[in-house]
Amino acid sequence: MSRTRFRFPSPLIVVAFILAGLITLPLLYVIVSAITADTAVWRRLWTTRIPELLFNTFSLALSVAVIDLVLGVSLAWILTRYRFVGSTVWNWLIILPLAIPSYVLAYTYTFLLQRNGPLEHAWQMVAGADAQIFSPFSFAGATLVMSINTFPFVYLLARSAFQNFNISFEEAARATGASPLNTFFRVSLPMIRPSLMAGLFLAILYVASDFGAMAMLRYQTFTYAIYQQMTGRFDNTAAACLSLFLVSCTFIFLLGERWFRQRSRFYQTTGRFRKPIPQACSPLQTLGFTGVLTIVFATAFGIPVFLLVQWTMDALAAGELASGFMGYVWNTISLAGITATLALVCGIPLAYLACRKQTWASLLCIQGAYTGYVLPGPVAALAVLVLVSHLMPELYGTVLVLLIAYLVHFLPVALQGMESTLHQLTPNLEEAARSLGSRSLRTFRTVTFPLVRGGFLSAWILVFVQCMKELPATLLLRPVGFDTLAIRIWLEASEELYQLAAPPALLIVAITIPVVFLLLKKVQEPVKRKA
Amino acid sequence: MTDATPHDNPIVLELQHVTCSYESGQPAIHNISFTARKGDIISLLGPSGCGKTTTLRAIAGFESVVEGTVLLNGTPVADGNHHVPPEQRRVGMVFQEYALFPHLRVTDNVGFGLNQLSAHDRRRRVDDMLSLTGLSEYGHRYPHELSGGQQQRVALARALAPQPVLLLLDEPFSNLDPDMTYKMRGELHDLLKKTQTTAVLVTHDHEEAFTMADQVAVLHQGRLEQFASPETTYHLPASRFVAEFVGQADFIPGEIHHHVVVTEIGDLPLPQGYQGSNQVDVMIRPDDLEIRGSGSGSARIETRQFRGSENLYGLRLESGRLVHCSESSTQFYALNAQVELKVKATHTVMFEQSRNS
């Protein structure tokens, strides 16, 4: 028998530390440059920009949250508690809006809502020839676009909450004499509050960190302002100050979310519970529900995608498809593929550490690696840009810089997927293999890997899709002439060349749709396993 | 005290003053020493958090030893400086949740540790193990297609297939229905004896430890309280904790007078060589007492639990203390009846009086 020193975790810890350090370094750099900035910069920003940006961001997030809540909860209620023709199909259709990047949705709505545009014409038929509707470049426009883009988050969480709801609670309420409506507001809704809050937090975070739609709609929020400081004024210091402010707000917001989640855990009182059985509907109800669902679906997905298809066909018919189109596709796919692979490779030691060796050191590494979460795209880009221009200026303008930014930004996505996969795997399996004489590598190859393969693959796909849609970091860091699909959409749409922007947008939507269904399957999976 | 193991069998496992810290979230253990000879079944018994699983994992190599030495077949495999990784120890382990590989069929699970053998030998060995455990018809199934008892047999077959030096079992019956547990205990005991397997079994159930083991190690708060045969553990517990953990035990105060222990239920013989204070607490097991003559007497029947094979009576003494007494299944006394108690124990177990009793 050979004797070896029992220091197995150390290389893992070292690798994880280096990775976490590399990931957090850019953010630290931004923080330092914001803190050491001239107080005059801060004063100027505080008097000119910050109040307006705060107000815009908050009011938009709040109004989007309210609309999301109403849409998400009512649709989830309809689709979990009622059974009607097509209700299972609607279950799938209604989350499709998640497949449209916010900037693509924004650009279709700049067309739909424009002066003398299709929606205004339609409205004039109802309200008279002089009637006007709101401009896309307004608070109302931004609210509309962001809420139809994000309501599926609330819907998904509300739906799984309603599905796992112990119907006995409602029956107990009814037995005490409460009306169905009363029961809904006093029992059902309060009991799914944790899920609703989780959905809302997700939607608000999405709004606060969105760049593409805000820039398309010229609606001034933090992310857009940071971008403008960097590109319009070439003032990275001011951008860093705004970033620090935004990141701090996000951080406090996330802490609040965690605090809320810990406080408000509701438990089903018994292990076994009765699930709700969907009710059959009358024809009138069916008609009503189908109407509501059709309107929401058309607004959030149907009409925009119909437009994209039409424009794409126009562009193809006119032979206007950009000559370098295949090149853009290749750029996008290779960049996203490399990033997803890198994120997975870097994520394995971190995720493994998080699940198997819980010490303060590993906790620190994981938290470090997750900082990408509080970094909206432009901030991640700024962070990497500032760091690279100080330390390795010769790298500036190469694809490498873009890759680093992607990695910082998207590692958390990969990490989350891998962590939850590894968590489902009991360490006993690996220990059993080792007690049967199997070395670490063989154990990983024959036991761990076959069992986590599926979960890791879906983490890879999620990162791939997010990279494919990425706009702000790409816009700020790409080498000259290196265009991706997202960049082409942005450039053509900014010139209001709707037909030219459509083919890449349609391609992105088409690739994203199966991924959205994968996401839905993952949301449903734990439910099935428990049943 | 048992007939199972002649004491000239070679020592397979030896723990010398083993200490593990609680770095990894497992309870710590301090200064644990015991040995297992070839063919012995050792049971690690104790309440949850006492360190019995940590001890098992230290033997397997999943926990590192801070101080002391673990020896397998006389070779040190772990001490403060050296650590042979689990895969090189040839120690089989059956996990509490069995940890069957969900993506492998039963045959592949059982054959997992046999990759050094040729395909032909491996298949033969797997077949042997499956027929030994009565699973020959289930080889092609996946773990989730088996019942709890079958899964446990697969886990056992898998652990035994590479012919380990030692087999470790972590609460192997905790996931089974009670009636299944009873059956599997007997099966496992016979199988281990038939294959002359040295085994260490973790349990929190003293009945399980007594029926399965040749030697019982009682652990409490990370320390070994007693290492002895089941009979000794029950009749001559080394500490109050052991006395109470391995069965019903009442304590009544006694005083030493002229080489006898005087208590309110009678005089008991003083153990030889006792040198302590004169004030002691005497341990009374239900089978140490018998009820004599109902109608008159100083003890009052307060409770009765009918347990099928016996009646367990709770008796209130004059002093207000409660003691328990087991009587045969058909022996019936009415509640509140006054009865006389007689001590029938031939030996006395006593501890110096603690302050709180």
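1. In what sense do strand β3 (residues 41-45) of chain B and β8(B) pair, and over how many bridges? In this predicted model, the two strands run parallel and are joined by five bridges. One of the pairs can be named: Leu45(B) has Thr203(B) as its bridge partner in β8(B).

2. The side chains of β8(B) deserve a separate remark. In a regular strand, side chains alternate between the two faces of the sheet. Ala199(B), Leu201(B) and Thr203(B) point one way from β8(B), while Val200(B) and Val202(B) point the other way. Are these residues buried or exposed? All are buried, and β8(B) is accordingly described as mostly covered, with five of its five residues buried.

3. Chain B also holds an open sheet of five strands, in the order β13-β12-β11-β14-β19, with antiparallel pairing. Its edge strands are β13 (266-269) and β19 (350-352) of chain B, each of which pairs on one side only. From one strand to the next, the twist averages 40°.

4. Within that sheet, strand β11 (residues 250-257) of chain B and strand β12 (residues 260-263) of chain B are antiparallel and joined by three bridges. Ile256(B) finds its bridge partner, Val261(B), in β12(B). The loop between β11 and β12 of chain B contains His259(B). This residue has a positive phi of about 65°, although it is not a glycine. His259(B) counts as exposed because 9 other C-beta atoms lie within 10 Å, and the cut-off for exposed is 12 or fewer.

5. A further non-glycine residue with positive phi is Ala99(B), at about 50°. Ala99(B) is located in the loop between β6 and α2 (106-110) of chain B. Which class of burial applies to Ala99(B)? Ala99(B) counts as buried because it has 24 C-beta neighbours inside 10 Å, where 20 or more are required.

6. Some overall figures for chain B follow. Eight helices and 19 strands are assigned to chain B. Its C-alpha atoms fill a box of roughly 75 × 45 × 40 Å along the principal axes. Of its 357 residues, 41% count as buried. Among contacts in chain B with a separation of 6 or more, 64% come from residues 24 or more positions apart.

7. Which element gives the most to the side of chain B that touches chain A? The contact as a whole takes 24 residues from chain B and 21 residues from chain A. On the side of chain B, strand β6 (residues 91-94) gives the most, with three residues. By class, that side has 13 nonpolar, eight polar and three charged residues.

8. In chain A, helix α15 (residues 325-356) and helix α20 (residues 440-469) have axes that come within 8 Å and cross at roughly 140°. The two helices are therefore oblique to each other, since angles over 145 degrees would be needed for roughly antiparallel. The crossing of α15(A) past α20(A) is right-handed. Residues in contact include Leu335(A), Ala336(A) and Ala343(A) from α15(A), and Phe456(A), Trp460(A) and Phe464(A) from α20(A). The contact of α15(A) with α20(A) has 12 nonpolar residues, three polar and no charged.

9. Helix α3 (residues 50-81) of chain A packs against helix α10 (residues 193-209) of chain A at an angle of about 140°, with the axes 9 Å apart. Hence α3(A) and α10(A) are oblique to each other, and α3(A) passes α10(A) in a right-handed crossing. Among the residues that meet are Leu60(A), Val64(A) and Asp68(A) in α3(A), and Leu196(A), Leu200(A) and Val207(A) in α10(A). By class, the contact of α3(A) with α10(A) has 12 nonpolar, three polar and one charged residues.

10. Why is helix α12 (residues 222-231) of chain A largely enclosed by the rest of the structure? Eight of its 10 residues are buried. Phe222(A), Tyr224(A), Ile226(A), Tyr227(A) and Gln229(A) are among the buried residues of α12(A).

Conventions:
Residues numbered from 1 in each chain as written. Chains lettered and ligands numbered in written order. Predicted model: local features only at pLDDT ≥ 70, side-chain atom pairs only at ≥ 80, totals over all residues. Contact = placed C-beta atoms within 7 Å. Helix = DSSP H or I, 4+ residues; strand = E, 2+ residues; numbered from the N terminus. Nonpolar A, V, L, I, M, F, W, Y, C, P; charged D, E, K, R; others polar. Axes fitted to C-alpha atoms, helices over the stretch in contact; angles between N-to-C directions. Parallel < 35°, antiparallel > 145°, perpendicular 65-115°, else oblique. Left-handed = near helix turned anticlockwise from the far one by under 90°. Pairing = 2+ DSSP bridges.
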